[in-house]
Amino acid sequence: MQTRDDLRNVAIVAHVDHGKTTLVDAMLWQTGAFRPHEEVAERVLDSGDLEREKGITILAKNTSVRYRGVKINIVDTPGHADFGGEVERGLTMADGVLLLVDASEGPLPQTRFVLRKALEARLPVVLVVNKVDRADARVGEVVHEVEELFLDLDADVDQISFPILYANARAGWASTHPDVPGTDLAPLFEAVLTHVPAPRYDPDAPLAALVCNLDASPYVGRLAVCRVHHGTLRRGSPVAWCRLDGSIERAKVTELYVSEALERVPTEAAGPGEIAAVAGMAEVTIGETLADPEHPVALPSITVDEPSLAMTIGTNTSPLSGRDGTKLTARLLKSRLDAELVGNVALRVHPSERPDEWEVQGRGELQLAVLVETMRREGFELTVGKPQVVTRVVDGRLHEPMERVAIDAPEEYLGVLTQLLALRKGMMVEVVNHGTGWVRLDYRVPARGLVGFRTEFLTETRGTGILHHVFDGYEPWHGELRTRRNGSMVADRRGLTTTYALMALQERGSLLVGPGTEVYEGMVVGENARADEMDVNPARERKLTNVRSSTAEELERLTPPRLLSLEQALEFIADDECVEVTPASVRLRKVVLDRATRGRARSRARAGRS
């Protein structure tokens, strides 16, 4: 085996908001990727609209910098647990890992997830303790916690002896000593050159390149982003396209690109170890291999963890359908879901009992909500069901997914949080009080217990708590959970809501709609203060008479409604409810709109229980 000393491939992994994309920004600036007076947006790799709005990385992206004559390919991965499939895909392109950990928060559930994947792939790790300038930084304790995490994940002796750097990514410096601030990122680049191995390859082996990601160009169509393991990809040359079904087709590399800073530049050849984008195969998918036409050998396909959450996505069947969107039919919806499967290896789509509805399985609520939000912006109108966990049968017993939950909150909320998690069958793993007025709670909770938990958690902690969770295996079914205590206020007719009607209803619970909103029978207009469902008339008008009243001119004070975002709506709905999503609005409704039919179903359910 030989090595390419002029190349390094490194993936940057961390928990969400620990500074990965900000560090990439600093690396690009200090290696001359931008002109001195060029205007560049902050977190330049977060280029998607949703990524900029939410402040998180959703898709794994690769860029490159040059340092001391060595090209360093950088893969920026998401930090949110729901997009773990992107992390697993990014690690297949890398030979080493930069693990970022916040100097105050320390290792969190997603840190455990990405580190476990890196150790399983036998990738060397360089630890970067970021945000050491924070007033509440506890650098020594965080390094000790990371070392314990390595031991907890059964790391080998050579994996535990990792180099440690201390950085402030926003200021653009790194240092090898915790008490000595740096001046630039030179120590980080030196650590990458020293501790991340150069790509190894067999000079006598035929061409083998694994498709790790997909992109698209308006000029040449679909692009397959490949890691070349052996041999050389050349523009215009024929290749053997080894498909996932085992078939082999002949194809031609019509265009070939490599990354230079933020640009994708054409090249004539890409050698072993390089990350290249190939055009010429319109139906290529992730996990396939481009091989030598004379000796086609497929590389092992990319495997990712199975989905743990599912929800139904179907066409919009409400009385107000067709007003906002342009894509309404089941055929368009199915083709869009099939297109999503091509580039998202962590999703699954299964047919349901109805021809216009499909079950979409993913890693978590945020991943599924991002898919729905993307589709509504493309003009789709959808009906989205309540998220449900994906169960499996092991040795004849029903098992459900578990989540590892980490909560940081002020210590005065310790009692109420313990009570909330106990109702959701949570099992306490650890409680740590850092002595700063905040506590860290570590729990294992059934995944279905966390559906709808975030909103209640933020309410109880007055918006001060921080919640993170990641998938943590399967366990036997934990029994029935009652997570939502209140029922719904449901409109019993179609019409425009009036201030007069809402004034009377706001005394019975909290409203989700304001005056002048068009509603229909079966639409959820508020949350009842009691546990049972209540049919209401939000369109009732005030009857005018000739008789004057002393209170007629009193000022009416209507409480502003709770306007739910898409993620909050998915958390809020009950089992017999769904969310109507259009480009202009998000409405909550019952699955069965007819009031009489729902009443008969409730009567039968009560009779069955008695």
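## Salt bridges

E145 is partly exposed, with a relative accessible area of 21%. In this predicted model, E145 forms a salt bridge with R138, and the closest N and O atoms of the pair are 2.9 Å apart. R138 is buried, at 10% relative accessibility. Side chains of opposite charge can pair when their charged atoms come close. The structure holds 45 salt bridges. Another of them joins the side chains of K131 and D102, with an N to O distance of 3.5 Å. This pair links distant parts of the chain, 29 residues apart: K131 is in the loop between β6 (125–130) and α5, and D102 is in strand β5 (residues 96–102). D102 counts as buried because its relative accessibility is 0%, and buried means under 20%.

R598 and E533 also form a salt bridge, with their closest N and O atoms 3.2 Å apart. R598 lies in helix α14 (residues 595–609) and E533 in the loop between β34 (523–528) and β35 (534–536), so the pair ties together parts that are 65 residues apart in sequence. R598 is buried, with a relative accessible area of 6%. Both residues belong to one network, joined by salt bridges that share partners, and its members are D492, R493, E533, D535, D576, E577, K590, R595, R598 and R602.

In soluble globular proteins, nonpolar side chains tend to be buried together. Here the largest nonpolar core has 60 residues, and L99, L115, V129, F150, L233 and V278 have the most contacts inside it. Helix α5 (residues 139–152) gives the largest share of this core, six residues. Apart from this core lies another, of 28 residues, including L100, L165, A167 and A191.

V129 is one of the residues with the most contacts inside the largest core. Leaving aside neighbours within four places in sequence, V129 is in contact with V101, A103, V139, V143, I164, L165, Y166 and A167.

E288 is found in the loop between β18 (275–279) and β19 (289–291). With a relative accessibility of 3%, E288 counts as buried. The side chains of E288 and W241 are joined by a polar contact of 2.7 Å. A polar atom of the E288 side chain also lies 3.5 Å from the backbone nitrogen of L244. Leaving aside neighbours within four places in sequence, E288 is in contact with A209, L210, V211, W241, C242, R243 and L244.

L244 is in the loop between β13 (238–242) and β14 (248–252). Beyond its neighbours within four places in sequence, L244 is in contact with T285, I286, G287, E288 and S301. The C-alpha atoms of L244 and V284 are 9.6 Å apart in space, and the two residues are 40 residues apart in sequence.

T267 is found in the loop between β16 (263–266) and β17 (269–270). A polar atom of the T267 side chain lies 3.2 Å from the backbone oxygen of A269. Not counting residues up to four places away in sequence, T267 touches R235, L256, Y257 and V258.

G362 is in strand β22 (residues 357–362) and is buried, with a relative accessible area of 0%. Not counting residues up to four places away in sequence, G362 touches P307, S308, L309, A346, L347, Q367 and L368. G362 and E294 are 68 residues apart along the chain, and their C-alpha atoms are separated by 39 Å.

## Exposed residues

V393, L398 and W477 make a nonpolar surface patch of about 290 Å². V393 is in strand β25 (residues 392–394). V393 is exposed, with a relative accessible area of 62%.

D179 is in the loop between β8 (173–175) and α7 (186–195) and counts as exposed, at 65% relative accessibility. D179 and I313 are 134 residues apart in sequence, with their C-alpha atoms 53 Å apart in space.

## Positive phi values

R68 lies in the loop between β3 (61–67) and β4 (70–76). The phi of R68 is near 50°, a positive value in a residue other than glycine. R68 counts as exposed, at 59% relative accessibility.

R462 is in the loop between α11 (453–460) and β29 (466–476). Phi of R462 is positive as well, near 55°. With a relative accessibility of 60%, R462 counts as exposed.

Terms used: Residues are numbered from 1 along each chain as its sequence is written. This is a predicted model: local features need pLDDT of at least 70, side-chain atom pairs count only at pLDDT 80 or more; totals for chains, interfaces and linings use all residues. Side-chain values use heavy atoms; hydrogens and water are left out. Patches are made of residues with over 30% relative accessible area and no salt bridge: like charges are joined within 9 Å, nonpolar side chains (Val, Leu, Ile, Met, Phe, Trp, Tyr) within 5 Å. Accessible areas come from the Shrake-Rupley method with a 1.4 Å probe; for residues, only the protein chains shown count as cover. A salt bridge is a side-chain nitrogen of Lys or Arg within 4 Å of a carboxyl oxygen of Asp or Glu. Helices (H or I, at least four residues) and strands (E, at least two) are DSSP runs, numbered from the N terminus. Buried means under 20% relative accessible area, exposed over 50%, partly exposed in between (1.4 Å probe, protein chains only). A nonpolar core is a set of buried Ala, Val, Leu, Ile, Met, Phe, Trp, Tyr and Cys residues joined through side-chain atoms within 4.5 Å. Contact means heavy atoms within 4.5 Å. A polar contact is a pair of N or O atoms within 3.5 Å; within protein, one must be able to donate a hydrogen and the other to accept it, and residues adjacent in sequence count only if both atoms are side-chain atoms.
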